[in-house]
Amino acid sequence: MCKSINFIASNKTCQINHAEPGKCYGELLESDGNSFAAASTFPKELAGTCQDHDCNLNEVCMPKGITYYCFPWTEPFAERNFTQIFVACAGNQQSVLDTWKNPCTGMDFDIENIKNPCTNMNNRHIRSTMIDKWDVLPIDQVKIELFKNGELAVEIYFDGRGSTNSDWFSKNRLRSNSYNDMTQLSTFNIFSMDGDQNYDRHLFISNRYGTCNQDRGWLLVVDTADANYRYCRFDKLPGKPYPYILYGPDQQMVRFNYGRSGTLIHD
């Protein structure tokens with residue numbers, strides 16, 4: 001259904017059109033200061049395994065290994081209803097990943113009705129038992145929200161259909177986000193929930209990795225307090241307890257040695 005795209009420079013938004021110039025009976029008009037791209041001009045190789053798909057017009061082709069599947073596209077991601085099932089509190093000296101994976105950790109409450117959960121619940125991560133019922137729940141999508149000083153800083157949306165409670169966090173399931181430089185076509189060194197287990201770097205979305213000062217990416221949770229074997233500056237933020245939640249604060253990837261900490265919430 002998508003035939004062309006406008007990028008509106010003044011407010012940094014995209015418009016998706018169902019027609020191209022010359023084929024739309026005057027519905028597309030010229031505009032100054034904006035960028036236009038016709039889908040017919042895109043190289044088929046950009047679609048990967050979806051380049052010869054047979055999905056219906058109301059479906060989106062989603063790459064899956066050496067094949068693909070058709071994803072029903074009925075409404076924008078941002079308009080769906082979410083149930084909050086996990087809250088991670090930076091600096092509470094508890095592992096975010098261990099709490100997510102272990103049914104016996106965290107605190108199970110009606111998260112939706114808790115105000116300031118990282119303060120009111122003794123600063124413990126809050127975990128819903130819905131995580132343990134993931135495989136039998138009708139999960140459509142998953143959203144991560146990052147907050148800084150109570151203000152929403154980052155949103156990342158994932159396709160949750162047919163996922164497990166760990167593999168939803170992956171490049172192939174990435175759908176949309178508030179970063180202006182992260183898409184499925186971006187270069188990723190690591191994109192996984194487990195991340196680098198050797199250094200307890202979890203929920204890791206990395207672009208370049210392995211040299212400390214040049215390590216770049218979008219999101220990283222440094223999860224435990226044993227810093228004796230750590231040698232990167234972002235592993236040991238002075239005066240700040242673990243876990244550290246580091247992310248690109250300006251809607252773009254960041255060099256982690258100069259990252260900022262925040263609070264991660266999974267909806």
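Leaving aside neighbours within four places in sequence, which residues is aspartate 223 in contact with?

1. **What we are looking at.** This is a predicted model, in which local features need pLDDT of at least 70, side-chain atom pairs count only at pLDDT 80 or more, and totals for chains, interfaces and linings use all residues. Residues are numbered from 1 along each chain as its sequence is written, and side-chain values use heavy atoms, with hydrogens and water left out.

2. **Confidence.** The chain has a mean pLDDT (the predictor's confidence in each residue, from 0 to 100) of 81, with 82% of residues at 70 or more. Strand E11 (residues 190-192) does best, with a mean of 96, while strand E17 (residues 263-266) has the lowest confidence, at 31. Over residues 259-267 the pLDDT is below 50, although this stretch has 51 contacts in the model beyond near neighbours in sequence; a contact here means heavy atoms within 4.5 Å. Where pLDDT is low, the predicted coordinates should not be read in detail.

3. **Overall make-up.** I find 2 helices and 17 strands in the chain. These are DSSP runs numbered from the N terminus, helices (H or I) having at least four residues and strands (E) at least two. Of the 267 residues, 41% count as buried, where buried means under 20% relative accessible area, exposed over 50%, and partly exposed in between (1.4 Å probe, protein chains only). Among contacts in the chain with a separation of 6 or more, 48% come from residues 24 or more positions apart.

4. **The sheet of E1, E2 and E3.** Here 3 strands make an open, antiparallel sheet in the order E2-E1-E3. Strand E2 (13-17) and E3 are at the edges with a single partner strand each, so one side of each has no neighbour in the sheet. From one strand to the next, the twist averages 20°. Two strands count as paired if DSSP finds at least two bridges between them; strand E1 (residues 4-8) and E2 have 5 bridges, in the antiparallel sense. Asparagine 6, for instance, has glutamine 15 in E2 as its bridge partner. E1 and E2 form a hairpin with 4 residues between them, and lysine 12 in the turn has a positive phi of about 55°.

5. **First disulfide on my list.** The structure holds 3 disulfides, each defined as a pair of cysteine sulfur atoms within 2.5 Å. In one of them, the sulfur atoms of cysteine 50 and cysteine 61 are 2.0 Å apart. The torsion about this S-S bond is about -85°, so the disulfide is left-handed. Cysteine 50 sits in the loop between strand E3 (35-38) and strand E4 (59-64), and cysteine 61 in strand E4, so the pair ties together parts 11 residues apart in sequence. Both cysteine 50 and cysteine 61 are buried.

6. **Cysteine 89 and cysteine 118.** This disulfide also has an S to S distance of 2.0 Å. With a torsion of about -90° about the S-S bond, it is left-handed. Cysteine 89 is in the loop between strand E6 (86-87) and helix H1 (96-101), while cysteine 118 is in helix H2 (residues 117-120), so parts 29 residues apart in sequence are tied together. Cysteine 89 is buried, at a relative accessible area of 0%.

7. **Cysteine 212 and cysteine 232.** These two are joined by a disulfide, S to S 2.0 Å, and its torsion of about -80° makes it left-handed. Cysteine 212 lies in the loop between strand E12 (201-208) and strand E13 (216-222), and cysteine 232 in the loop between E13 and strand E14 (244-247); the two are 20 residues apart. Cysteine 212 is buried at 12% relative accessible area, and cysteine 232 is buried at 2%. Cysteine 14, by contrast, counts as exposed at 56% relative accessibility.

8. **Back to aspartate 223.** Aspartate 223 is in the loop between E13 and E14 and counts as buried, at 2% relative accessibility. Beyond neighbours within four places in sequence, aspartate 223 is in contact with Gln94, Ser95, Val96, Leu97, Asp200, His202, Tyr242 and Pro243. Its side chain makes a polar contact with the side chain of serine 95 at 2.9 Å, and a polar atom of that aspartate 223 side chain lies 3.0 Å from the backbone nitrogen of leucine 97. A polar contact is a pair of N or O atoms within 3.5 Å; within protein, one must be able to donate a hydrogen and the other to accept it, and residues adjacent in sequence count only if both atoms are side-chain atoms.

Methods
Axes fitted to C-alpha atoms, helices over the stretch in contact; angles between N-to-C directions.
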